[in-house]
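Hi,

Here is the structure I promised to hand over. My notes on the sheet, the helices and the ligand site follow below.

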Amino acid sequence: MEKLNNDAIILHANVVEGFKSGDSYNSHRPDYTEETTNFVLNKLNLETERAYDILELGAGTGIFTRKLLEYDTKDLRILAADPLENFLEKLKLLSPDVETLQCSAESIPLPDCSVKNIICAQSLHWFSNKKAIREMHRVLVPRGRLVFLWNVRDKTRPSDITCDIAKYIEDSLIKDSPNQSKKAWAGVFEDFHGFSSVEDHVFLQHLKHSGTIDFIMSYLKSLSYISKLEQSEQENVERTIREMISNHPEAKNRDIVDIVFNTEIHWCEKQ
Ligand SMILES: C[S@@+](CC[C@H](N)C(=O)[O-])C[C@H]1O[C@@H](n2cnc3c(N)ncnc32)[C@H](O)[C@@H]1O
């Protein structure tokens, strides 16, 4: 694994404090569906030679990287990058053949025009800033693609437990933490004119992340803004969510709770 001096990587405090265990993150976070992975692969531009085919930024423990590997990608040069050593270690353990690079999106140690496509799965909100957008633009080849996506808890069905949990999280827990729901990336792209306009696709109610209440609690505790809380605050959050589930007309009678996600995918091209 190529390493950088950690002093060169400046991260949001919630990333450092909230993502301490690659094991726990990897065991409890939602996966990506076949449709999502195919959609992303179809958006890539793989024409230019002598460049990485895919740079995955914020690859974490490799949840999306492993989806890519399930497809016809064995001839592609994939580079998985993340600033967190403990996340990359987990990725490397699970996918030893994937090349990895420890870096943040704001400072990518690659030459200009050396990457055909960048994919950011569930990560662009951490680096929705001018410096990172300029870096991504710099390393992409002309007409290189940037594809970014999120699994987003579904709030469209008020009778569903996912809606209650999603609202509680947004109203009480995310606070000033960078998050997809704030769509900060949109403003950054508007001010930067190096990419084509961003196109979008949403798969509605596309993915179920299901498990016992304990599993769902572990998933929620893998969210950085919950995981970074003091023990007593985490216990309050846990109590609130357990009560929400046990009072919910449908969820309370079930051994398995479903958290339902929409998957939103965005893409643009270097101009
Ligand atoms: C929610 S995780 C997503 C991980 C993985 N892509 C997935 O789908 O599970 C967000 C990732 O973004 C990374 N990240 C945070 N700040 C970053 C930055 N400035 N540059 C690049 N990656 C960053 C974190 O280390 C973390 O692995």
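Strands β4 (residues 115–121) and β5 (residues 140–153) run parallel and are joined by six bridges. In that pair, C120 sits opposite F148 in β5. Helices here are DSSP runs of H or I with at least four residues, strands are runs of E with at least two, and both are numbered from the N terminus. Two strands count as paired if DSSP finds at least two bridges between them.

Before you go further: this is a predicted model, where local features need pLDDT of at least 70 and side-chain atom pairs count only at pLDDT 80 or more, while totals for chains, interfaces and linings use all residues. Residues are numbered from 1 along each chain as its sequence is written.

Back to the sheet. It is open, has seven strands in the order β3-β2-β1-β4-β5-β7-β6, and its pairing is mixed. β3 (99–102) and β6 (199–211) are the edge strands with a single partner each, so one side of each has no neighbour in the sheet. The twist averages 20° from one strand to the next. Axes are lines fitted to C-alpha atoms (for helices, over the stretch in contact), and angles run from 0 to 180 degrees between N-to-C directions.

Helix α6 (residues 130–139) lies across β1 (52–57), β4 and β5, at about 135° to β5. For contacts, two residues qualify if their C-beta atoms, placed from the backbone, lie within 7 Å.

Now the helix pairs around α11. Helix α7 (residues 161–173) packs on α11 at about 155°, with the axes 10 Å apart. That makes α7 roughly antiparallel to α11 (under 35 degrees is roughly parallel, over 145 roughly antiparallel, 65 to 115 roughly perpendicular, the rest oblique). I161, D164, I165, Y168 and L173 in α7 meet V237, T240, I241, M244 and I245 in α11. By class, this contact has eight nonpolar, one polar and one charged residues. (Ala, Val, Leu, Ile, Met, Phe, Trp, Tyr, Cys and Pro count as nonpolar, Asp, Glu, Lys and Arg as charged, and the others, Gly among them, as polar.)

The axes of α9 (residues 213–221) and α11 (residues 231–247) come within 11 Å and cross at roughly 135°. That makes α9 oblique to α11. I213, M217, L220 and K221 in α9 meet Q234, E238, I241, R242 and I245 in α11. Those residues split into five nonpolar, one polar and three charged.

Last, the ligand: 22 residues surround it, the closest being G58, G60, S104, S123 and W126 (near means a C-beta atom, placed from the backbone, within 6 Å). The shell divides into 14 nonpolar, five polar and three charged residues.

Cheers
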